[in-house]
Amino acid sequence: RMHRVGIATRLAIAATTAATQRATTPAAMRVAMTAVSPSRVVALRGNTTSPAMRVASSRRGLVTASPLVCSAAPATTEQAGTEAKPKTERRKRVLSGVQPTGSIHLGNYFGAIKNWVKMQEEFDAFYCVVDLHAITAGGHDPKELVKSTRSSAAIYLAAGLDPARSNVFVQSHVSAHSELCWLLNCATPIGWLEKMIQFKEKARKAGEDVSVGLLDYPVLMASDILLYNADIVPVGEDQRQHLELTRDIASRVNNLYGGGKWKKMGPKGSRAPSGRFRGGEILRVPDAYIPEAGARVMSLTDGSAKMSKSNPAEGSRINVLDSPDEIAKKIKRCKTDAFEGLEFGNPERPEATNLLTMYQLCTGMTKEEVLGECGSMRWGDFKPALTDAVIEHLTPIQARYAEIVEEEGYLDGVLKKGADAANEVAEKTVADVRDAMGFMERIH
């Protein structure tokens, strides 16, 4: 009896092999693979897991599917006579924003916005005017906040952000930012926030008048980032600690409520409100993107301090919307030194490095080209050249800005479109967090 079974098995295998060799279409392949019983097909393949399980395992670095299995996999999902559609990978997502406090200056422009323009070509981009952060310290001017929020959004567009390739919106127009912030607050140890360098420095100055917002704004920043499942976040070196906190908060929420705990929040195989299956990480842990060295514009009154909106000295910064006369006046009065010639990188000459960097960024030259043209100049010769370079660079941005604010309804339309796209993504994220934390699903 065993001999007869063995003969039958060999005959079935031979028939299957011949049929497989003759197969030239996915349909023929399926016929060939059904020439024997399912258990014998498994034996021939040498793999007992489904294609979907093998693909998932390979993503975790556990299993690499064989070429035979991969080539046959489309036949199990496509109808006879059709080809499998290639799977399109999700574009990596980037999220960033600038506060609408004061005017956007060259430091904001070269350090952030100009990089965003490049990144919109490569990433699924979300850029917001972070107006909720603008009231952190308290005592803001409500009328000025409205004005500067619209102005900041218009500068984003004038600088080159394209509404067809970027989602530009106002932070407060997406209510999920505030909601997720509260949910994350309840999972974040207060000790983490009290260790933040900026809080300690500003709280020391403010004393008892320090606001809760100053302590808590890093959690709001975390919610800004995590809402959009951002893969990377452009940050300056001084903001690196805040991004690390964001990563810590995301990991903590995932550990407290994700994985198997989240799976148990519904029937086996059930889906979360966003449509994905429960389990795994609730929040994506982002990475930092730090711009190349040299793209940082420092203060005009102190070459070792960054150009900042919070500096009470208006002459410390050049604003994107400054007039040519204002630019000329600020550069004429900016701090220099008593050394001969100009050079990059001398720690004793931070102002020389800063002003040469500004010239380099405005002209698009390399450092070598800048030094070749300006290295032997005196300050009296270089300052007019720098003034001309800054004005020439900002003139087309200012012209485009004027067009944007004068075109009735255009800016509002862009911001609405951006907010709609942002809400679509953000609501799914915060709904999943609510689900994992045990909140009842909303009734529509």
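Let me open with a term: a polar contact is a pair of N or O atoms within 3.5 Å, where within protein one must be able to donate a hydrogen and the other to accept it, and residues adjacent in sequence count only if both atoms are side-chain atoms.

Hello everyone. What we have here is a predicted model, in which local features need pLDDT of at least 70 and side-chain atom pairs count only at pLDDT 80 or more, while totals for chains, interfaces and linings use all residues. Residues are numbered from 1 along each chain as its sequence is written, and side-chain values use heavy atoms, with hydrogens and water left out.

First, the overall view. The chain contains 18 helices and 5 strands; these are DSSP runs numbered from the N terminus, with helices being H or I of at least four residues and strands E of at least two. Of its 444 residues, 42% are buried, and by buried I mean under 20% relative accessible area, with exposed over 50% and partly exposed in between, for a 1.4 Å probe and protein chains only. Take the contacts between residues at least 6 apart in sequence: 73% of them join residues at least 24 apart. Contact here means heavy atoms within 4.5 Å.

Now to the inside. A nonpolar core is a set of buried Ala, Val, Leu, Ile, Met, Phe, Trp, Tyr and Cys residues joined through side-chain atoms within 4.5 Å. The largest one in this model has 56 residues, and Leu-106, Tyr-156, Ile-318, Met-358, Phe-382 and Val-390 have the most contacts inside it. Helix H17, residues 379-406, gives the largest share of this core, 9 residues. Another core, of 46 residues, lies apart from it and includes Leu-183 and Ala-419.

Back to our histidine. His-393 sits in helix H17 and is buried, at 18% relative accessible area. Which backbone oxygen does the side chain of His-393 reach? That of Cys-362, at 3.2 Å. Leaving out residues up to four places away in sequence, His-393 also touches Tyr-109, Phe-110, Lys-114 and Leu-361, among others.

Next, an arginine in helix H18, residues 410-437: Arg-434. Is Arg-434 buried or exposed? Buried, with a relative accessible area of 12%. The side chains of Arg-434 and Glu-179 are joined by a polar contact of 2.9 Å. Beyond four places in sequence, Arg-434 touches Leu-183, Phe-439 and Arg-442 as well as Glu-179.

On to a strand. Val-129 belongs to strand E2, residues 124-129, and is buried with a relative accessible area of 0%. Among the residues Val-129 touches, not counting those up to four places away in sequence, are Val-98, Pro-100, Tyr-156 and Phe-169.

Last stop, helix H10, residues 197-206, whose buried residues are Gln-198, Phe-199 and Ala-203. Seen down the axis of H10, they fall within an arc of 115 degrees, so they line one face of the helix; the arc is that of the directions from the helix axis to the C-beta atoms. These buried residues pack against helices H9 (190-194), H11 (212-226) and H12 (240-257). On the other side of H10, Arg-204 and Lys-205 are exposed. Just after the helix, Gly-207 takes a positive phi of about 65 degrees.
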